[in-house]
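Please look through the sequence and the structure below. The paragraphs after them take up a few places in turn.

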Amino acid sequence: MSVRVVITGAGCVTPLGSDVHEFWHNLTEGRSGIGPIRLFDASRFPIRIAAEVHDWDLSQVGEDPARWENHPRQTRFAIGAAIQAVRSAELPLDRLDPLRFGVYLGCGETFPDLEELAASIAPAMQDGKFRARAFWVRALSAIDPQRAAYCEPHVPAQCLAALFNAQGPNMNCIAACVSSTQAIGEAAEIIRRGEADVMLAGGAHSLIHPLGIAGLHRLSVLTESNERNEKAMRPFDAQRDGFVVGEGGAIVVLERLDHALARHAEIWGELKGYASAHEAYHLTDTDPEGRAMAQCVRQALRQARLNRDDIDYINAHGTSTRLNDRVETVALKRALGPDVYRIPVSSTKSMLGHATTACGAIEFLAALLTVRTGVIPPTINYESPDPDCDLDYVPNAARTQRCLHVLSDNLGFGGQNAVLIVSRYEERSAMERGWLLPKESGAWRRLDAAQPQPSGPHRAPAPTRRTAVPSVTAE
């Protein structure tokens with residue numbers, strides 16, 4: 001029998017809030033985190049808007065900001081989200097086996113300080129030519145080597161390990177926009193393989209930097225509709241013309257079920273399905289047939305032992321580019337068939353912007369909270385239907401609906417795809433209740449129809465305690 005993996009805590013730092021309560025309230029209210037760029041002077045840039053994290057530092061989670069001032073924003077986001085997650089899970093750090101406590105993140109590239117970089121380049125330009133030796137001589141004195149070392153993508157995972165004495169598996173995934181989705185899925189697989197009992201999983205990133213914005217603009221994926229401001233991000237809308245860059249981070253605590261039950265942990269949900277696949281199609285463009293994403297959905301359903309019609313909501317990648325939204329719609333139709341037309345699909349990027357390697361973790365948190373609360377966040381700025389995008393995109397207002405199983409999917413530059421399925425926790429799994437998958441039909445059926453299917457409580461037996469986020473409200 002497959003090891004069951006549950007979520008027992010979560011934390012986040014996002015443009016819509018720096019804790020789970022604030023994030024979820026603003027997301028379900030349909031508020032936008034997009035506005036003028038403040039992190040640098042973008043007045044002469046063609047892109048002047050982003051979804052930034054404002055008015056936040058690590059003091060809000062009890063850390064001394066000075067201790068981390070030389071680290072890039074993504075490391076600080078990861079630390080802030082992880083501290084929240086560990087606290088909400090009430091992990092007994094002094095009693096955990098550190099060798100069975102690991103970290104798996106999806107954090108991406110960061111960029112050097114431009115003033116330091118410019119100070120190194122200027123002396124190297126002589127007579128219109130770049131003199132490498134002059135650059136290195138100047139760079140050795142101008143660039144802080146410690147700060148440069150902190151820019152490596154694997155550093156946030158190492159910092160979390162040191163902070164919580166997590167001596168188990170420690171990895172970072174870089175797969176563009178799929179990074180943190182894959183990190184969460186692979187962290188669950190580590191637990192299933194018996195290599196850890198508890199994993200901190202998720203991701204953080206910020207590309208709101210002159211070089212980051214310039215690079216994405218060169219790829220022609222960003223909207224230049226600066227005057228639209230908070231209405232610029234328009235997933236699945238006929239007038240969409242690109243995405244707005246976001247930033248932030250989200251971390252969840254994944255735990256082996258019996259480990260969580262033994263310590264009377266509050267169970268937020270169960271990670272039932274995960275799959276990844278590569279298109280092998282193009283360096284940046286997406287396969288127009290969506291075959292890899294469709295395969296991911298099918299494989300994740302199989303691991304979760306669910307039928308297509310069991311999915312109650314899909315948190316879509318929904319980047320607001322002409323290509324992605326059309327292909328994602330095609331892929332969902334290919335994987336789910338006619339059932340897809342009854343499933344609500346929304347893009348929370350419409351409010352959060354595209355947080356690049358961190359987007360999957362933030363969206364998985366939204367999927368988890370949908371399972372817990374029965375509230376489906378909307379796709380805002382949806383005004384003009386696109387004939388190529390004809391699903392139910394939950395336009396402009398949240399919806400209340402009982403959700404037992406929620407799917408979150410992401411597509412990344414380079415062709416990587418990944419899918420996660422999070423479900424309401426039940427005491428007994430489908431296999432334990434007598435469900436099997438006949439090869440000839442590909443659909444799950446009940447072998448013992450007379451056997452009851454208890455819904456079970458949504459947490460392990462435990463004394464009364466604080467609830468981290470609201471429990472299910474929609475039936």
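In this predicted model, helix H7, residues 179-192, and helix H13, residues 359-373, have axes that come within 5 Å and cross at roughly 65°. On the H7 side the contact is made by Ser180, Thr181 and Ile184, which meet Cys359, Gly360, Ala361 and Phe364 of H13. Sorted by class, the contact of H7 with H13 has four nonpolar and three polar residues, and no charged ones.

The next topic is empty space. Rolling a probe the size of a water molecule over the atoms shows where such space is left. The largest pocket holds about 670 Å³. It is lined by 26 residues, and the closest to its centre are Pro72, Phe111, Pro112, Asp113 and His209. Three helices each supply at least two residues of this lining: H2 (73-89), H3 (114-121) and H5 (145-150). The largest share, four residues, comes from H3. By class, the lining of the largest pocket has 12 nonpolar, eight charged and six polar residues.

Is Glu255 buried or exposed? Glu255 counts as buried because its relative accessibility is 0%, and the cut-off for buried is under 20%. The side chain of Glu255 is joined to that of Thr8 by a polar contact of 2.8 Å. Leaving aside residues up to four places away in sequence, Glu255 touches Arg4, Val5, Val6 and Thr8, as well as Leu91, Ile191, Asp197, Val198, Ala260 and Arg263.

Definitions and conventions
Residues numbered from 1 in each chain as written. Predicted model: local features only at pLDDT ≥ 70, side-chain atom pairs only at ≥ 80, totals over all residues. Heavy atoms only, no water. Axes fitted to C-alpha atoms, helices over the stretch in contact; angles between N-to-C directions. Contact = heavy atoms within 4.5 Å. Nonpolar A, V, L, I, M, F, W, Y, C, P; charged D, E, K, R; others polar. 1 Å grid on protein atoms, 1.4 Å probe; cavity = no way out; pocket = protein on both sides within 12 Å on 5 of 7 lines; lining within 4 Å. Points joined across faces, edges and corners; volume = space filled by probe spheres on them. Buried < 20%, exposed > 50% of the residue type's maximum accessible area, 1.4 Å probe, protein only. Polar contact = N/O pair within 3.5 Å; in protein donor to acceptor, adjacent residues only side chain to side chain.
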